[in-house]
Amino acid sequence: MLRSSATGSVGGVPTGFQHGAFVYGSDEDFVRLATPFVRDGLATGEAVVAALPPSRIVALREALGPEGDHVGFVDMTTAGRNPARLIPLWRDALERHPGRPVRGLGEPAYSGRSAAEYDEAVLHEALLDVAFAHDKRFRLICPYEASVGIDPTATHSGAEALAEKTFRTPLIDVPDRAERWEFGLADLGQVRQWVNAQASSYGVSRDRLDDLALALHEICTNSIRFGGGRGTLSVWVADGFLICDVADRGRIDDLLVGRVLPPLDGLGGRGVWLANQLCDLVQLRSGDDVTQVRLHTRLR
């Protein structure tokens, strides 16, 4: 089992968030590694939350027996479909148990994800050390299935540097086949109509279309407010998703933008937060020259 700590320890006592991982090859292997971690937490009176794919929940419940009734199980494929929703999930677990240590088991990089989803799961893992660096009540272990092919050493060693580098590195290029629209404030209504037509032609349901339209409006409005007054919208389909990429000349400094609900009187951040709640996946990168927000909506 690989273990890392965001802030280390003094005399063997943790001084901050403890974040580790293990790699497993089968459900039996997973149970063998996960069960002692969960039971240790229950024995010491910690609140234990396990955010896992359904098959792993079933296997762990069976292994724990009656002890499983004292674990908060969360379906990762629903709650963590967009990995940007997971830091809020763990914050909520801490808030629901004030003053009590929380022990988490979380598997965001589960098998079957798209390449873009794996990229965001890895970024999420690195950002955990930014979000919880000084919270010594929180201990989290992240299982990785060997077949996924992600090396947890890369995401758990030097995590903050990895998060910064990934956040500042542009996403893969918009494909040549994408349709593009240059927009400003006067174009927002037309942009919405155009995307609605595109989404409808690809079979996006009415409810999902409304979610995408609202998320896209928020992100395009951010480009106008904070990105120089204009932006570029690109739309294409890949891997079963309708993808809308919004690029502008702004820069975002907060690595946790959209993962921490900003205060009502705060400047910015709410649009990205809302997009993360409405879309199946949101990718955000911001460097010196460009900020990109890429919204993914599953077609079926």
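Colleague: What is the mean pLDDT of the protein chain?

Modeller: The mean is 91, and 93% of the residues reach 70 or more. Residues 3-14 are another matter: their pLDDT is below 50. That stretch has 26 contacts in the model beyond near neighbours in sequence. Where pLDDT is low, the predicted coordinates should not be read in detail.

Colleague: Why is the pair of F17 and F132 called tilted?

Modeller: Ring centres must lie within 6.5 Å to pair, and these are 5.7 Å apart. The planes make 55°. Stacked needs under 30 degrees and edge-to-face over 60, so 55° falls in the tilted class. The model has 8 aromatic pairs by this rule.

Colleague: What does the pair of F17 and F132 tie together?

Modeller: F17 lies in the loop between β3 and β4, and F132 in the loop between α5 and β8, so the pair ties together parts that are 115 residues apart in sequence.

Colleague: What makes the pair of F132 and F138 edge-to-face?

Modeller: The angle between the planes is 75°. The cut-off is over 60, so the label is edge-to-face. The centres are 5.0 Å apart. Ring pairs link F17, W90, F132 and F138 into a cluster.

Colleague: How do you know that F132 and F138 are buried?

Modeller: Buried means under 20% relative accessible area. F132 has 2%, so F132 is buried. F138 has 1%, so F138 is buried as well. F17 is also buried.

Colleague: Why is R91 said to sit over the ring of F132?

Modeller: The charged end of R91 is 5.4 Å from the ring centre. The distance limit is 6 Å, so R91 meets that part of the rule. The rule also asks for an angle within 35 degrees of the ring normal. R103 sits over the ring of F37 in this sense, with its charged end 4.7 Å from the centre.

Colleague: Is N222 buried or exposed?

Modeller: N222 has a relative accessible area of 16%. The limit for buried is under 20%, so N222 counts as buried. N222 is found in helix α9, residues 206-226. Not counting residues up to four places away in sequence, N222 touches G227, G271 and V272.

Colleague: What makes β5 and β6 a strand pair?

Modeller: A pair needs at least two bridges. β5 (residues 47-52) and β6 (residues 71-75) are joined by 5, so they pair. The two strands run parallel. V48 has V71 in β6 as its bridge partner. With helix α2 (residues 54-64), the two strands make a right-handed β-α-β unit.

Colleague: How many bridges join β10 to β11?

Modeller: There are 7, and the strands run antiparallel. At least two are needed, so β10 and β11 pair. V235 stands opposite C244 in β11. β10 and β11 form a hairpin with 2 residues between them. In the turn, D239 has a positive phi of about 55°.

Colleague: Which strand is joined to β10 by 5 bridges?

Modeller: β9 (residues 179-183), running antiparallel to β10. R180 has S234 in β10 as its bridge partner.

Colleague: Why is β10 called mostly covered?

Modeller: 6 of its 8 residues are buried.

How values were computed
Residues are numbered from 1 along each chain as its sequence is written. This is a predicted model: local features need pLDDT of at least 70, side-chain atom pairs count only at pLDDT 80 or more; totals for chains, interfaces and linings use all residues. Side-chain values use heavy atoms; hydrogens and water are left out. Rings of Phe, Tyr and Trp (its six-membered ring) pair if their centres lie within 6.5 Å; planes under 30 degrees apart count as stacked, over 60 as edge-to-face and the rest as tilted. Helices (H or I, at least four residues) and strands (E, at least two) are DSSP runs, numbered from the N terminus. Buried means under 20% relative accessible area, exposed over 50%, partly exposed in between (1.4 Å probe, protein chains only). Contact means heavy atoms within 4.5 Å. pLDDT is the predictor's confidence in each residue, from 0 to 100. A crossover is right-handed if, with the strands pointing away from the viewer, the path from the first strand over the helix to the second runs clockwise.
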